[in-house]
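Please examine the sequence and the structure shown below before reading on.

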Amino acid sequence: MPLEVCRGSIRVLRNSLAAKSLQKVDFQCLQLGCDSAHQYLEGTAVISHPLTRLGNGTAFFKIVLQELGESFFQSGTINTLLSGKLAEDCAKVLQQGDIMVVAGFGLAKSTSGDDRHGCQLEVSEETGSTIYICPKSSRTAAATETVAMSVAPKYTYTPLNRLKDGTVVNLYGAVKFFKPPYVSKGTDYCSVVTIVDQSNAKLVCTLFNANRDALPKIYKNGDIVRFHRIKIGEFGGQMQGITSSGFSALAFDGSVGTAVVPRTSSKAFTFTDEDKKAVEDLRVWVASNLSDSAPAAKLSDVQPPMFFELTCQLVGKAKVDGSSYLLKVWDGTKCPFPPGRVLVNEDDLEGDGVLIRQLRNLTVDIAVYDNHVQLARSLKVGSFIRIYSLHAKTQSPEGKPDVSYVQFHLHGGTGYGRGISVLPESNTDVKQLKAFLDSVDLAECSDNFPPPEEESAYLTLGSCLERCQQLSVTVLTDHQHFDVTALGTILNSTIPQQYRVRAKLRRFEPKKLHQSVKLHCPQCHLLQEVPGSAELDSILREASAAPANPGVRLSFCESVVWDAENLEQRCVTVHFAKHNELLQEPEGSLILIEGATLNEILRLSKKFKGIIPVRPTGDNFALLDLSAPFFWQGNIQYYGCKHCSAPKTLASLSSLAAEQEPSWEPTIVAQALGIAPLRYVFVMKFILDDGTGTLDVYLMDSKDFFQIPASEVLTNSMFQESMEENMNRLCPPGSNLDDFPWLECFIKSYYIKDGTEERLCYQIFDTTIAEDI
């Protein structure tokens with residue numbers, strides 16, 4: 001109930017809240033980012049402002065709470081902002097001096113500028129807040145009954161085929177795909193969940209929370225989820241969901257006939273008979289309409305190479321190195337192949353040594369990498385876990401090709417739902433596994449597998465390259481919910497479309513990688529070659545041959561004429577941009593140069609922030625022909641599009657020079673001069689092969705795919721070597737296609753005009769080279 005007026009002692013209310021596992025928090029302990037889901041605070045209402053309405057009609061009620069027993073200053077008081085129906089109800093009953101208890105509150109930085117607490121409380125029915133009021137007039141009364149001022153809200157649920165952009169809704173769905181919670185690029189945990197329902201619509205939800213346990217506890221595809229207050233947005237023509245203020249989630253086992261028990265870390269949630277019926281109806285639908293796309297297997301079912309889902313018990317763990325961790329697990333069955341062992345220091349191995357030796361022929365070593373290490377380190381020995389997209393592969397010890405063992409890897413990243421979940425002992429699968437483990441006769445499990453002490457049984461984890469080759473050397477930067485489509489299917493699909501593919505790079509063009517760098521106009525899509533040094537020098541020398549006009553000056557520049565060495569009748573004029581009539585330090589200043597050669601400009605570009613080659617025209621200056629760069633900065637030349645630019649005279653730069661802190665950045669200079677800048681891009685053709693067909697796809701990227709700026713490759717030998725190494729790993733020279741690594745990427749199909757005809761093309765997008773390649 002969002003608002004309750006208590007007719008009795010505050011002590012009774014505190015006992016009631018404690019029974020709901022809510023803990024009291026003091027004002028001084030309130031900090032931004034703290035999880036307040038299981039906390040409440042109490043204070044006396046010392047100030048209450050009149051109820052007002054915001055521009056959209058939403059009710060707004062502001063209260064100042066003073067902490068009980070505290071004096072009226074600084075952190076002893078806090079601004080409390082109520083909105084919506086809860087604000088209206090509270091304004092009707094709250095009196096100055098009443099004690100208010102707030103549970104389910106939000107925290108934000110205070111915007112009042114007063115001497116109260118640095119945070120402010122944000123309270124509304126939509127975020128699941130509850131307010132208890134102990135009136136001053138009846139605080140000494142003996143009665144302890146609680147009178148509800150409003151009833152619990154009746155939630156309405158939206159089918160997935162009726163979602164609208166920009167709305168916040170409640171919904172039910174069955175899990176078709178999910179990624180266990182992982183640390184996002186920020187500080188929050190993230191989980192990606194794709195759900196479906198009886199309307200046959202699909203919704204991809206990206207969920208964030210600073211508390212891992214607050215995200216839905218999903219353990220397998222087919223589980224049922226209930227989301228309250230999830231925000232709907234349209235992205236790329238598809239509806240997607242994301243957490244909003246007050247988001248909450250329940251999860252349920254999706255198996256027909258199992259108990260309908262909500263899985264949640266929250267102690268305060270509503271669940272009615274109607275909710276139970278909604279879960280059971282979805283279970284029946286799932287049983288006949290949703291297949292489990294993640295194959296589960298026991299260790300006895302392992303047939304390398306394969307990826308599978310394993311439910312097991314952890315019997316030992318150990319750190320291997322900074323980017324890998326060892327999990328020693330069993331599920332009561334025996335792997336049909338000798339398992340490889342990961343060599344670790346015995347003192348570093350956590351677990352019961354006697355039990356580990358006793359189970360040595362039933363356990364397998366799982367090497368966990370990269371982003372999964374933090375969770376692996378936190379696992380408790382003896383706990384039951386489920387590992388998703390676990391990779392089993394055979395490996396032979398060095399020098400012994402006739403001997404092979406099976407290795408188990410949980411690779412880095414979250415592709416294909418890779419991750420680990422800790423299963424509660426109440427889980428149906430855990431109950432069945434425990435019963436099976438208790439029935440295993442360990443004495444009968446002894447066999448002739450090589451004992452773990454035999455040196456050949458210990459296998460290294462392999463190089464970083466080998467690990468990447470097993471899965472993918474590329475990373476998807478968006479749309480991870482897309483299903484993989486075979487190339488053979490794409491060749492027969494309608495246009496335009498977007499696809500997620502998994503293939504190998506059979507070959508690429510151009511072989512001379514420096515030839516892949518081009519200039520591209522984002523406006524007219526012009527694509528042109530980058531002029532070479534000889535061509536540039538010729539353009540500049542032709543311009544320098546034109547007679548100078550010493551009478552032309554720029555008001556914001558100070559000009560100096562230099563005689564060119566070893567050349568007859570040629571001088572170089574340098575115009576130094578001034579600021580407040582003063583010359584600036586070279587590293588932050590702009591110069592305009594007239595009559596210089598390529599070598600002269602390159603020497604000066606090492607000293608000045610920017611250089612613009614110019615030529616006199618009448619009583620002013622103009623840029624050179626746009627075949628030459630309009631701006632030089634360091635080793636990079638910036639070009640403009642001849643078709644989209646409308647060049648202005650150099651006097652247009654006077655407004656930039658007059659600014660308080662002139663910024664001679666290429667984009668700002670281009671805008672002032674009417675230039676549509678070209679950008680450096682990589683343009684390559686990849687021939688992909690996934691066994692179902694081959695496909696020519698184009699890569700046009702400025703910096704994201706190779707994680708190298710195309711603008712600097714031509715002048716930076718280190719970037720050139722890095723690019724060459726990457727391509728040699730994507731497409732190893734002299735190797736068989738079977739030994740090539742897998743590329744996972746997004747491609748889109750489209751038509752382009754080729755004369756009078758249209759030509760079908762495919763292009764890579766939202767894909768990058770893995771950092772650990």
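The following questions and answers concern this predicted model.

Q: How many helices and how many strands does the chain have?
A: The chain has 773 residues, of which 47% count as buried. Its secondary structure comes to 14 helices and 40 strands.

Q: What share of the contacts with a separation of 6 or more comes from residues 24 or more positions apart?
A: A contact here requires heavy atoms within 4.5 Å. Among the contacts in the chain with a separation of 6 or more, residues 24 or more positions apart account for 65%.

Q: Which residues of the largest nonpolar core touch the most other members?
A: The largest nonpolar core contains 60 residues. Those that touch the most other members are Leu 505, Met 684, Phe 686, Leu 688, Phe 706, Met 727 and Ile 747.

Q: Which residues are included in the second, separate core?
A: This core is separate and has 34 residues. Its members include Val 193, Trp 330, Phe 384 and Leu 423.

Q: Why do the buried residues of helix H14 line one face?
A: Helix H14 covers residues 717–730, and its buried residues are Phe 719, Met 723, Asn 726, Met 727 and Leu 730. In an α-helix there are 3.6 residues a turn, so residues three or four places apart point the same way. Seen down the axis of H14, the buried residues line one face because they fall within an arc of 95 degrees.

Q: Which residue caps the N-terminal end of H14?
A: A side-chain oxygen of the capping residue lies 3.1 Å from the backbone nitrogen of Phe 719. The residue that caps this end is Asn 716.

Q: How far apart are the end C-alpha atoms of helix H6?
A: Helix H6 (residues 428–439) has 12 residues, and at 1.5 Å a residue it should span 16 Å. The distance in the model agrees with this: the end C-alpha atoms are 17 Å apart.

Q: Within what arc do the buried residues of H6 fall?
A: The buried residues of H6 are Val 430, Leu 433 and Leu 437, whereas Lys 431, Gln 432, Asp 438 and Ser 439 are exposed on the other side. The buried residues line one face of the helix, because seen down its axis they fall within an arc of 65 degrees.

Notes
Residues numbered from 1 in each chain as written. Predicted model: local features only at pLDDT ≥ 70, side-chain atom pairs only at ≥ 80, totals over all residues. Heavy atoms only, no water. Core = buried A, V, L, I, M, F, W, Y, C linked by side-chain atoms within 4.5 Å. Buried < 20%, exposed > 50% of the residue type's maximum accessible area, 1.4 Å probe, protein only. Helix = DSSP H or I, 4+ residues; strand = E, 2+ residues; numbered from the N terminus. Expected span 1.5 Å × (residues − 1). Arc of directions from axis to C-beta. Polar contact = N/O pair within 3.5 Å; in protein donor to acceptor, adjacent residues only side chain to side chain.
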